[in-house]
Amino acid sequence: MAFSNLEGLYRQVIMDHYKDPRNKGLPTDESYHHVHLKNPSCGDDITVAIKLEGDTIEDIRHEGVGCSICCSSASVMCEELCGKDIVLARRVTHNFYEIVKGSEIDETIDMGDAIAYSGVSNFPARIKCATIPWKALETGLEELGK
């Protein structure tokens, strides 16, 4: 029974971020680096804009269309990674990938609302939906030489 309640809570978190996304909207400020990724097999289409201050992610914004898993994941990613240094952001991102695969995670890292995606492991076809915003962020960091 506790699992059902937890599963219901996780669904609520995902739907809250889907219906009321945080950090949505792309800035026109040239200090942001934009990355666009699309998953043609399901229609998820997302752009992530990253602003760095040294080795800290000062801001992340997103815009796109897709399923509730993809769009809410972008919102959660922005909320969890804004203000973090790049090393910690990469650790959180790696942990997120492990969460959606149903693998062991580093319990010492605070994952915030990202933990709500643990149920995605039961639907392997949806793993790409959950990870595409995070992959866009990683691509952006690589393009920026970070």
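**View 1. Asparagine 23 in the loop between α1 and β1 of the predicted model.** At 21% relative accessibility, asparagine 23 counts as partly exposed, a class that lies between buried, under 20% relative accessible area, and exposed, over 50% (1.4 Å probe, protein chains only). The residue belongs to the loop that links α1 (2–19) with β1, where helices (H or I, at least four residues) and strands (E, at least two) are DSSP runs numbered from the N terminus. Phi of asparagine 23 is near 60 degrees, a positive value in a residue other than glycine. Because this is a predicted model, local features need pLDDT of at least 70 and side-chain atom pairs count only at pLDDT 80 or more, whereas totals for chains, interfaces and linings use all residues. Residues are numbered from 1 along each chain as its sequence is written, and side-chain values use heavy atoms, with hydrogens and water left out.

**View 2. The open sheet of 3 strands in the order β1-β2-β3.** The pairing in this open sheet is antiparallel, two strands being counted as paired if DSSP finds at least two bridges between them. β1 (33–39) and β3 (56–65) each have a single partner strand and stand at the edges, so one side of each is left without a neighbour in the sheet. From one strand to the next, the twist averages 20 degrees. β2 is mostly covered, with 8 of its 10 residues buried. Helix α2 (residues 68–81) lies across β2 and β3 and runs at about 170 degrees to β3; for such angles, axes are lines fitted to C-alpha atoms, for helices over the stretch in contact, and the values run from 0 to 180 degrees between N-to-C directions.

View 3. Over 7 bridges, β1 pairs in the antiparallel sense with strand β2 (residues 44–53). Histidine 34 has alanine 49 in β2 as its bridge partner, and histidine 36 stands opposite threonine 47 in β2. The hairpin of β1 and β2 has 4 residues between the strands, and in this hairpin glycine 43 takes a positive phi near 95 degrees.

**View 4. The pairing of β2 with β3 and the hairpin that they form.** β2 and β3 run antiparallel and are joined by 9 bridges, and the bridge partner of aspartate 45 in β3 is valine 65. With 2 residues between the strands, the hairpin of β2 and β3 includes glycine 54, which takes a positive phi near 65 degrees.

View 5. Alanine 49, placed in strand β2, counts as buried at 0% relative accessibility. Leaving aside neighbours within four places in sequence, alanine 49 is in contact with Leu26, Pro27, Tyr32, His33, His34, Asp59, Ile60 and Arg61, contact meaning heavy atoms within 4.5 Å. Alanine 49 and glycine 112 are 63 residues apart in sequence and 21 Å apart in space, C-alpha to C-alpha. Leucine 52 also lies in strand β2, and, not counting residues up to four places away in sequence, leucine 52 touches Ile57, Glu58, Ile86, Leu141, Leu144 and Lys146. Between leucine 52 and serine 31 there are 8.1 Å in space, C-alpha to C-alpha, and the two are 21 residues apart in sequence.

**View 6. The crossing of helices α3 and α4.** The axes of helix α3 (residues 86–101) and helix α4 (residues 127–143) come within 10 Å and cross at roughly 160 degrees. That makes α3 roughly antiparallel to α4, a description that applies to angles over 145 degrees. The crossing of the two helices is left-handed, which means that the near helix is turned anticlockwise from the far one by less than a right angle. On the α3 side, Ile86, Arg90, Val92, Thr93, Phe96, Tyr97, Val100 and Lys101 meet Ile127, Ala130, Thr131, Trp134, Lys135, Leu137, Glu138, Leu141 and Glu142 in α4. By class, this contact has 10 nonpolar, 2 polar and 5 charged residues, with Ala, Val, Leu, Ile, Met, Phe, Trp, Tyr, Cys and Pro counted as nonpolar, Asp, Glu, Lys and Arg as charged, and the others, Gly among them, as polar.

View 7. Asparagine 95 lies in helix α3 and is buried, with a relative accessible area of 2%. Not counting residues up to four places away in sequence, asparagine 95 touches Ile105, Asp106, Ile109 and Met111. Threonine 139, whose place is in helix α4, is partly exposed, with a relative accessible area of 24%. Threonine 139 and glycine 112 are 27 residues apart in sequence and 23 Å apart in space, C-alpha to C-alpha.

Key
Angles under 35 degrees count as roughly parallel, over 145 as roughly antiparallel, 65 to 115 as roughly perpendicular and the rest as oblique.
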